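Please look through the structure below.

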Amino acid sequence: MPIHDGISKPAPYAARAEDSQGRKYQIAEGPGRSAFQRDRDRIIHSTAFRRLQHKTQVFANLDSVEKTGDHYRTRLTHTIEVTQISRTIARVLSLNEDFAEAVALAHDLGHTPFGHAGEEVLNMMMAHDGGFNHNIQSLRVIDFLEKRYPNHFGLNLTYEVREAVIKHESNHDISVPDEFNPDENPLLEGQIVNLADEIAYHGHDVDDGLGSGLLTLEMMRDIDFLAPVMDKVKAGVNDKSEEMIRYAFVRHLVNMNVLDLTAEIKKRINEHDIETISDVRQCPHRIISFSDEQSGFNNKLKQFLRRNIYHHSQLNAMKEQSFEIISFLFSYFLEDISRIPEGFRKRFPDVPHRRLTVDYIAGMTDRFAQNEFVRNC
């Protein structure tokens with residue numbers, strides 16, 4: 001196995017670029033890069049990827065709300081953190097790091113401006129026309145909305161990356177196209193990204209919550225399940241300043257999750273006799289999972305963050321304004337489709353107007369959506 005394929009000593013159930021089911025439009029892969037490395041490069045150079053730097057993770061970039069700034073995570077920095085964690089886990093498990101990296105970089109390409117608030121609005125607006133789901137939209141970006149090659153739409157990524165994106169775990173039930181065999185599991189590298197996503201947002205939402213003042217170390221120290229973690233972190237740092245304790249605490253959260261996840265995956269691979277990619281595809285049991293203890297901790301942390309950050313009055317104000325902006329823009333552009341730039345309309349002449357409106361809005365950055373609202377309201 002060549003080192004450039006992302007695995008020097010691969011596990012027998014690791015993805016291999018040379019065994020890929022290929023692309024919709026066949027190309028000569030060329031020397032120096034594996035198919036998954038080429039996927040990674042195509043994603044990074046896409047317009048949708050660059051736009052992630054100005055899309056909300058939790059704290060929206062809105063002029064009229066207090067908790068905004070240049071230091072909070074964006075959808076892009078979140079994606080980079082998910083990628084780093086995914087590669088780390090893949091390496092420990094002797095899986096294909098390049099494949100895991102490509103999936104992680106692509107997994108949020110379909111997210112709207114203003115985070116999940118934007119997704120909720122578009123889903124409501126499209127309730128009778130198939131709804132809106134960011135996993136489906138990510139695949140739509142990959143397969144159709146990006147136009148960077150003369151002979152076809154889309155980025156023309158490998159089957160395996162596209163499959164992992166559409167099968168990325170979500171709170172919403174979505175219909176997986178038959179092309180991707182809904183009865184088969186995605187490969188392990190793709191599954192890893194699901195929980196690397198969770199690890200990343202737990203860590204950075206705590207960090208941003210502390211940085212914004214919505215959370216305090218004292219508040220977290222008073223929570224029973226966090227108290228022993230906080231005590232352990234404080235005992236391990238020489239500099240007892242709040243800033244250093246905060247950074248050490250976030251590092252500890254991420255590290256404890258990564259260590260637990262890799263240990264649990266190894267355990268389950270052995271328990272379920274996973275020896276080949278076919279075993280991964282057909283396994284009826286969950287292979288990629290935290291231990292029961294860590295899952296319980298993470299569920300409590302989610303509830304804590306939901307109460308103290310996601311449902312905080314200041315973030316609710318962001319959400320309400322996001323709803324107003326996206327709702328207005330949807331009605332505004334749908335009322336007169338010619339208001340959508342001609343170049344975008346001409347590129348997709350056969351797309352129904354409602355779906356074209358959604359595609360246009362979903363591709364906006366927070367700032368562009370806000371400016372369009374102010375200019376046309």
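Lys 24, Tyr 25, Ile 142, Asp 143, Phe 153 and Asn 156 line the second largest cavity. A cavity is a set of points, on a 1 Å grid over the protein atoms alone, where a 1.4 Å probe fits but cannot get out; lining residues have an atom within 4 Å of a point. This cavity holds about 30 Å³ of space. Its lining splits into 3 nonpolar, 1 polar and 2 charged residues. Here Ala, Val, Leu, Ile, Met, Phe, Trp, Tyr, Cys and Pro count as nonpolar, Asp, Glu, Lys and Arg as charged, and the others, Gly among them, as polar.

This is a predicted model: local features need pLDDT of at least 70, side-chain atom pairs count only at pLDDT 80 or more, and totals for chains, interfaces and linings use all residues. Residues are numbered from 1 along each chain as its sequence is written, and side-chain values use heavy atoms, with hydrogens and water left out.

How many cavities of 30 Å³ or more does a search of the whole structure find? It finds 2. A volume is the space filled by probe spheres set on the grid points, which are joined across faces, edges and corners. The largest cavity has a volume of about 40 Å³. Its lining includes Gln 57, Arg 73, His 204 and Ile 309. Helix H8 (residues 188–212) gives the largest share of that lining, 4 residues. Helices are DSSP runs (H or I, at least four residues), numbered from the N terminus.

Now the rings. The structure holds 12 aromatic pairs. Rings of Phe, Tyr and Trp (its six-membered ring) pair if their centres lie within 6.5 Å; planes under 30 degrees apart count as stacked, over 60 as edge-to-face and the rest as tilted. Two pairs are set out here.

| Pair | Centre distance | Plane angle | Type |
|---|---|---|---|
| Phe 225 and Phe 297 | 5.3 Å | 80° | edge-to-face |
| Phe 333 and Tyr 360 | 5.3 Å | 90° | edge-to-face |

Phe 225 lies in the loop between helices H9 (217–221) and H10 (227–235), and Phe 297 in helix H13 (residues 292–310), so their pair ties together parts 72 residues apart in sequence. Both Phe 225 and Phe 297 are buried. Buried means under 20% relative accessible area, exposed over 50%, and partly exposed in between (1.4 Å probe, protein chains only).

Phe 333 is in helix H14 (residues 313–335) and Tyr 360 in helix H16 (residues 353–362), so this pair links parts 27 residues apart in sequence. Phe 333 and Tyr 360 are buried too. They belong to one aromatic cluster, whose members include Phe 144, Phe 153 and Phe 373.

Phe 153 also meets a charge. The charged end of Lys 147 sits over its ring, 5.4 Å from the centre. That label needs NZ of Lys or CZ of Arg within 6 Å of the ring centre and within 35 degrees of the ring normal. Arg 42 likewise has its charged end over the ring of Tyr 149, 4.4 Å from the centre.

Arg 42 is one of the buried residues of H1. In helix H1 (residues 35–44), 9 of the 10 residues are buried, so the rest of the structure largely encloses it.

Last, two backbone angles. Most residues other than glycine have a negative phi. Asn 156 has a phi near 55° and is buried, at 5% relative accessibility. Asn 181 has a phi of about 45° and is partly exposed, at 29%.

How values were computed: Helices (H or I, at least four residues) and strands (E, at least two) are DSSP runs, numbered from the N terminus. On a 1 Å grid over the protein atoms alone, a cavity is a set of points where a 1.4 Å probe fits but cannot get out, and a pocket is an open set with protein on both sides within 12 Å along at least five of seven lines; lining residues have an atom within 4 Å of a point.
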